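Dear colleague,

I am handing over the structure we spoke about, together with my notes on what was found in it. Please read the notes with the model open beside you.

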Amino acid sequence: MAKPSPFELMRREGPQGPLSGVKVLDLSAYIAGPYGCSLLADQGADVIKVEPPDGDNLRKYPSTLQAESRAFMGVNRSKIGICLDLKQPQGLAALMRLVREADVLVHNFRPSVPKRLGIDYEQLSAINPRLIYCAVTGYGESGPMKDKAGYDQVLQTMTGMCALQGKRGGPPEIIYGSVVDYYAAALLAGGGSSALYERERSGLGQFVGVSLLRSALTMQSARLIWAEGEALDIGRDMRSGGVTGIHPAREGHLYISANTPRFWKALCEKTGLAALAADPRYDSVRKRAEHAAEIVPQLHRALLAHTAMEWEALFGDEVPCAAARRVEDMFDHPQVLAEGIIDSIEHPVVGRYRGVTQPIKFGRTPGPASFAAPVFDQDTDAVLAAAGETGAIRR
């Protein structure tokens, strides 16, 4: 009987996913790299997360969970977890055994580090020419900033996201939620999958580079257009005045979008402001933006007639809107439940918890059930034994 692969020690029961059988080594930490690997795991890939002796730094982030980090659990689901000290010969040798079998390797070291550790693309591709080698960096692999550490909110601030997020004339504002990291994770999952697809034709792996800089700029593609002959310092804010946005209601707040003539007319009629819809001074998005100081106070007074939740029901499909909810409200939102986005998972320390398990829906290959992020050093002995390694230094 064939010896099981180290990647298959926690092979999940259930339907195949589009990436079932793909073997991934995740050497990354924080959010972008790890969550990109979780997205691959969601699609059926077998992922081994390799942590250094002091663990992924995300394990140390503040958490109201007593035993584990909520953030680490959220971005590392469905992975086998091992600990290797890659600065020690035995730890590096153990990794090389896994590299020979892997399809994808992901790390988020600064560009100068992999060569120093002996795990740069040139060395690993010589061992495994079919390897898809994904490097997640802050600023890329070249240029004057290549060896700077990259962080989500640093890149937000650098690339203009915070300046445009803030109110006109006000200070820049951070967008909380690690949006640059999560978009980089999506780019990683997409780029890695594309490289796997290309490998089916060429038989060869390749280097795949994802950076937080690329992520932050790609997220702003609709703003980053500079036509020849056009002044550089022009208006790039896509917000349509004060009508589209978040407004106070009698209780709570409500986001309203009224950019089209149809939605603008429905908003005015539903709020008892039909005269505004008939006024030629306000008959376009640009005009309403110019006259926001006249329109918004009237809208605010009208919205005091109902709560945000009541307005959401009253507007229905006629005015795009949403009452501002807490993230906690999403656990039992009927639409979230109907789509099966959140499910229950059993964790060896935390116990049963609920979290995101199906970010993408596949009709024919939905993929196996998700399982909990590993506790530190959870599967090292089993993986090393399956790989034929004994005594690999990891602490």
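A nonpolar core is taken here as a set of buried Ala, Val, Leu, Ile, Met, Phe, Trp, Tyr and Cys residues joined through side-chain atoms within 4.5 Å. Please keep in mind that the model is a predicted one.

The largest nonpolar core holds 36 residues, and those that touch the most other members are Val 22, Val 24, Ala 45, Val 104, Val 106, Ile 132 and Cys 134. At least two residues of this core come from each of helix 1 (32-42), helix 2 (70-75), strand 4 (104-107), strand 5 (132-137), helix 8 (179-202), strand 6 (206-211) and helix 9 (212-218), and helix 8 gives the most, with 7 residues. Leaving aside residues up to four places away in sequence, Val 24 touches Phe 7, Cys 37, Leu 40, Ala 45, Asp 46, Val 47, Ile 48 and Val 104. Another core, of 26 residues, lies apart from the largest one and has Val 50, Leu 95, Leu 124 and Ala 135 among its members.

On the cysteines, the structure holds 0 disulfides. Cys 83 is in no disulfide, the nearest cysteine sulfur being that of Cys 37 at 17 Å, and Cys 83 counts as buried because its relative accessibility is 0%. Cys 134 is likewise in no disulfide, with the sulfur of Cys 37 as the nearest cysteine sulfur, 7.7 Å away; with a relative accessibility of 1%, Cys 134 also counts as buried.

Strand 7 is joined to strand 8 (residues 253-256) by 4 bridges, the two running antiparallel, and Gly 245 stands opposite Ile 256 of strand 8.

Within helix 10 (residues 261-270), the buried residues include Phe 263, Trp 264, Ala 266, Leu 267 and Cys 268, while Gly 272, just after the helix, takes a positive phi of about 75 degrees.

With best regards

Key: Residues are numbered from 1 along each chain as its sequence is written. This is a predicted model: local features need pLDDT of at least 70, side-chain atom pairs count only at pLDDT 80 or more; totals for chains, interfaces and linings use all residues. Side-chain values use heavy atoms; hydrogens and water are left out. A disulfide is a pair of cysteine sulfur atoms within 2.5 Å. Buried means under 20% relative accessible area, exposed over 50%, partly exposed in between (1.4 Å probe, protein chains only). Two strands pair if DSSP finds at least two bridges between them. Contact means heavy atoms within 4.5 Å.
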